[in-house]
Amino acid sequence: MTMRKFRFFALYTVISGLLAISIAVIYAKLEERETEKIISAAAALGAEIFTQDDFIKEALYNTGLTKETKVKIFVGPYDKVLGGVGFFVANPQSYYIFLDIYFYNSLSKEEKEALIAHELGHIFFRPTPQEQIRLDIEHRLRRMGFSSEWRNKVLTKYQIKADGFGAKKTSVKSIEKLLEKVYKEHPESLDYRLRTKNLQNLPK
């Protein structure tokens with residue numbers, strides 16, 4: 001490689017790097033705004049509950065989080081509106097857990113704690129910024145009929161990790177019972193089979 005080509009390549013690499021960083025920063029800002037909108041809308045749709053505060057403190061004890069860490073739980077008709085029984089959303093100030101009120105009220109005390117412990121697990125186990133960008137793009141493409149095996153694998157990977165955290169804070173049996181109810185209508189789901197298989201390999 002000649003000196004001229006080397007300089008051109010070095011300049012191209014620097015410019016490409018700066019461009020990638022700029023795009024990532026802009027995307028992060030846009031994503032932050034979008035997240036705030038989601039939190040506001042979801043919070044307005046439900047009601048905050050405080051009955052699990054002691055359990056949350058116990059579950060997060062000695063995990064490296066500061067005492068200032070805020071976790072807020074809301075219950076509302078989220079399955080009907082958003083299509084799921086539990087959602088975890090994070091912003092720089094707090095962590096939010098949105099639970100479908102009808103599903104939540106159908107659970108036993110231990111199953112409720114298992115559900116919350118699983119969602120708390122997403123504080124520590126969630127997609128990297130690079131993965132999240134691709135997930136967001138592919139989520140939009142799904143509306144046009146696009147399906148991605150990679151997307152499903154990544155989402156299941158972090159669900160499994162959150163299951164592991166939940167099992168440690170409650171029990172493997174509690175998470176298993178919870179998943180039985182989550183997938184009651186879809187027991188043949190690959191996601192369900194992978195998650196239950198992982199639980200079978202965890203210490204009882």
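In this predicted model, 4 strands form an open sheet of mixed pairing in the order β1-β2-β4-β3, where strands (E, at least two residues) and helices (H or I, at least four) are DSSP runs numbered from the N terminus and two strands pair if DSSP finds at least two bridges between them. The edge strands, each pairing on one side only, are β1 and β3 (86-90), and the twist from one strand to the next averages 30°. Helix α5 (residues 109-121) packs on the sheet, touching β2, β3 and β4 (94-100), and its direction makes about 140° with that of β4; contact means heavy atoms within 4.5 Å, while axes are lines fitted to C-alpha atoms, for helices over the stretch in contact, with angles from 0 to 180 degrees between N-to-C directions. Strands β1 and β2 run antiparallel and are joined by 3 bridges, with A47 having V75 of β2 as its bridge partner.

The axes of helix α7 (residues 149-169) and helix α8 (residues 172-182) come within 7 Å and cross at roughly 130°. Helices α7 and α8 are therefore oblique to each other, given that angles under 35 degrees count as roughly parallel, over 145 as roughly antiparallel, 65 to 115 as roughly perpendicular and the rest as oblique. The contact is made by D163, G166 and A167 of α7 together with V172, I175 and L179 of α8.

Residues are numbered from 1 along each chain as its sequence is written. Local features need pLDDT of at least 70, side-chain atom pairs count only at pLDDT 80 or more, totals for chains, interfaces and linings use all residues, and side-chain values use heavy atoms, with hydrogens and water left out.
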